[in-house]
Amino acid sequence: MPASDYDSACLPDILPLYYRRLFPFSQYYRWLNYGGVQKNYFQNREFSFTLKDDIYVRYQSFTTQNELEKEMQKMNPYKIDIGAIYSHRPNQHNTVKSGTFQALEKELVFDIDMTDYDDVRSCCSAAEICPKCWTLMTIAIRVLDRALRDDFGFQHLLWVYSGRRGVHCWVCDEAARKLSVAARSAVAEYLSLVKGGDETMKKVVLSDPIHPFIRESLVVVERYFPLYALQDQDILGRKESVDKVLALTPEDVRKQLQQDFQNEKKPENRWNLLKDQAKRKQGTSKKGQHFEKEIMLQYCYPRLDVNVSKGVNHLLKSPFSVHPKTGRISVPIDLKELETFDPFAVPTISMICEELDRPRTVEEEEKSEEINDKENEKDAAESRKIRDYKRTSLAKYVKCFDQFLDVMARSWKGELLKKSDLQKDF
Amino acid sequence: MQFSSRRKKFTTNSQTELYSHPLLFYVQPPLENISLMEFETFAVERLKLLKTIENLGVSYVKLSDQYIKKLEAESKALNFLYRAEADDRKPQSGPTEQEKRRKDHISHFILRLAYCQTEDLRRWFIQQEVDLFRYRFNDLYPKQKLEFLHRNNLQYDTISVEEKKALHDKLVNSSYAVSGITVEDQDFYKVPFQDALDLVRLRKVYLKAGYVYIPHQEIVTIVLNDFRTRLSKALALTARSLPAVHSDERLQPLLNHLSHAYVGQDYSIQKNVGKISLEQIDSLSGKSFPLCMRQVHQSLRENHHLRHGGRMQYGLFLKGIGLSLEQALQFWRSEFIKGKVDADKFDKAYAYSVRHMFGKEGKRTDYTPYSCMKVILSNAPSQGDHHGCPFRHSDPELLKQKLQVYKVSPSGIIQILELVKGMHYQLACQKYFELTHNVEEASFSLNHPNQYFIESQKVLGGGRDIKRETDAPQKPQENSTKAPSAAPEAAANTQDVAEMTEELDSFFQDA
């Protein structure tokens, strides 16, 4: 994936610039502090850093936003991971009696990785992605976002581009943060429809009755299927792909379709023939009659790694972390603009650092003078930093993050009021 | 609980109340005196029952007819079976219903003492107790089920008739068990999804805005969840009071032995380290590896890579057969280098994980090789993986092809596939063993890949180099030799314990 002008060798030089002038520390702290509703929430959070030369340090923790900033500016991590909130400060875990240092809470997270779809995408493999297969991520986000909100009742979801070949979801509701390991694994299993390793051919098997969750997910998949699978991936075009698709149909149907496809070459029509066969089967048999749905799901339905979601102490790449291989920033994805999201347009660290050096426009100069007049010295440094990221392509992503935080903040207000009410009773 | 060598006292009033319902949530511990004899007998018998439950759970679908029949037989034999109606008026030989329920109550709490100490023990105990509870709850009449719920404060809200109507189709389509009639006739409860994880996990229920909608008849899953959570918390609490219990020297030997009995052989202690050379592995994989390991080894050789799940399953197995850490590092390194991983990356990333397996990094836990149960039930393979149990995780077609390639006879393949269809994965693997080693009947009951390896080596006429690990733990002998140092009064009891524990060993060896 050609990222313009980015070379990982430049990281040691531009990371300091990124952390000094661009990383949105105050929004970051606002997020992880969760309104200060729970004591020591930020202080007991584990961070892990990957430093130069692959040196990996765990159990980092910080008492204030300022301390976090200073440390990150000192260490200039190549990669930042966020872990759980523990019973004690992670950076003091060695002083705690063995067995009592425990991970208590963490956001419910999901990691969708494009490599898990290698058996069903023909355009790319492994770490590569392209606009044709990116649709898989769009579908994943739509399906999971709907399910997490409508079925599970979660409201505060942050979707983030991982920087290379996937997306992450952070479910930040209080109820989600308090989920046990068993509950997280149950949620992940509920959301899993594609099962089996390389040894399994048919990875989706549906039986009656079809659960409302599957129906709703199919509604989403069906919207994208014609353009994504029939056209872009051309699954009913080339012979090898056709064979793979037909291998997922019952034997009698397969033989019939192989015949029919001799005379019909257009993928859309071939798909219609397949659907007709399915309709016929649904009328007559009790088994194997949902194969057209199974095919759509096997090719499009989100594949998530249950292990990532299960563990309360699992470390996941932080939003606004840089991806060392591509240089891209892990930015929040605005679901209102999901259809036009382009992973190749996500800013790289080199790009935004370059943008900083651009000469200021006349408007920017005037604005900055205005603000300079109003502020005192202390705030000036802070606002200068704020103004800095605003001058770069990072701005719109920080804005998206802000909107996410604003919505969540309303729930914190409610919590704080509740708490202070309770205190008044005493 | 007070212990003395006096005979048991039986306080009627509170007990009749406590045991008036056949099923217990085990909230209140027993508050009576009990003889050491009863203490031992009750504990051992319950343990036998739980062990039976474990074995049945692997061989049969839980709550299938065969499962229920066999469990009933065993419960009866151990005097744990009780009828749902306590009909003490009928003249009976043997213990009364009351007495059986009392035994159930007391034995559960005794085993808590033995099984609260480590994560593994707790997990095992909870799993078997939950399965036992599930079987018993299933056996109750509907009226008794309701009574049980109310006694134990599981009050969830029902939804209105209007809401039921509005959700009618969704409710019917959420579960095979829910028909239109169910929706009309039964009350539906709105339960937070965290209280019904088993139903959520298997998507057997309608879920909306964080609540599941459960017909009255399905309430059992909720109850089980509740049971599991309570027991888990209780065990954590029990663990804290353990030092006080252990200071009673009459109890400590028995409790120790009880908790070791369930594990049997876990192949965690490495014997024969270094007796196998890396050059032998390819040929051994064909001759003596179970199919799961043979498969994962082959895929490692072909792809020069394995993902995490495969590395764990295979790496620990290799440790179990006797590879040393140095050998393991060399093995993985040489294979990965042939692929896309350069030596540097291996040393940085993968070597850590190998050392971790041998307990040389992180928490320094010496991880035990996966048993069949673990390979079958957890760590399921997904896209790009080659681990797991082939009898469980492979498509029957692909499995058949593989067996053909490995030259298993067509009739043998049919037998194996039949067993797979019946979900008897370990029996299928055992059959594979019998067919590939040309033995009529395997002399062991397969439950561990390393066990397969050892038995295979035995049959292939070695056994001289790789010594057979003795199954019987040394404990009983140790106990009786310790006896002279204990007080004379205790000596008689420890001998009872020794006898009992010998009997326990022989029971588990046959399993």
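Predicted model: local features only at pLDDT ≥ 70, side-chain atom pairs only at ≥ 80, totals over all residues.
Let's start inside. In soluble globular proteins, nonpolar side chains tend to be buried together. Here the largest nonpolar core counts 195 residues, and the members touching the most others are Tyr18(A), Trp31(A) and Leu191(A). Its top contributor is helix H4 of chain A, residues 131-151, which puts in 11 residues.

Next, the second largest pocket, which has a volume of about 590 Å³. Its lining takes in 17 residues, and those nearest the centre are Val205(A), Leu206(A), Lys287(A), Gly288(A) and Gln289(A). Here's how that lining splits by class:

| Class in the second largest pocket's lining | Count |
|---|---|
| Nonpolar | 7 residues |
| Polar | 4 residues |

Finally, the interface. On the chain B side 32 residues are in contact with 39 residues of chain A. Between them the two chains bury about 2700 Å², with 53% of it on carbon and sulfur atoms. Which residues of chain B lose the most area to chain A? They are Arg201(B), Arg203(B) and Gln383(B), together giving 29% of what the chain B side buries.

Conventions. Residues numbered from 1 in each chain as written. Chains lettered and ligands numbered in written order. Heavy atoms only, no water. Core = buried A, V, L, I, M, F, W, Y, C linked by side-chain atoms within 4.5 Å. Buried < 20%, exposed > 50% of the residue type's maximum accessible area, 1.4 Å probe, protein only. Helix = DSSP H or I, 4+ residues; strand = E, 2+ residues; numbered from the N terminus. 1 Å grid on protein atoms, 1.4 Å probe; cavity = no way out; pocket = protein on both sides within 12 Å on 5 of 7 lines; lining within 4 Å. Points joined across faces, edges and corners; volume = space filled by probe spheres on them. Nonpolar A, V, L, I, M, F, W, Y, C, P; charged D, E, K, R; others polar. Contact = heavy atoms within 4.5 Å. Buried area = accessible area lost by both parts, 1.4 Å probe.
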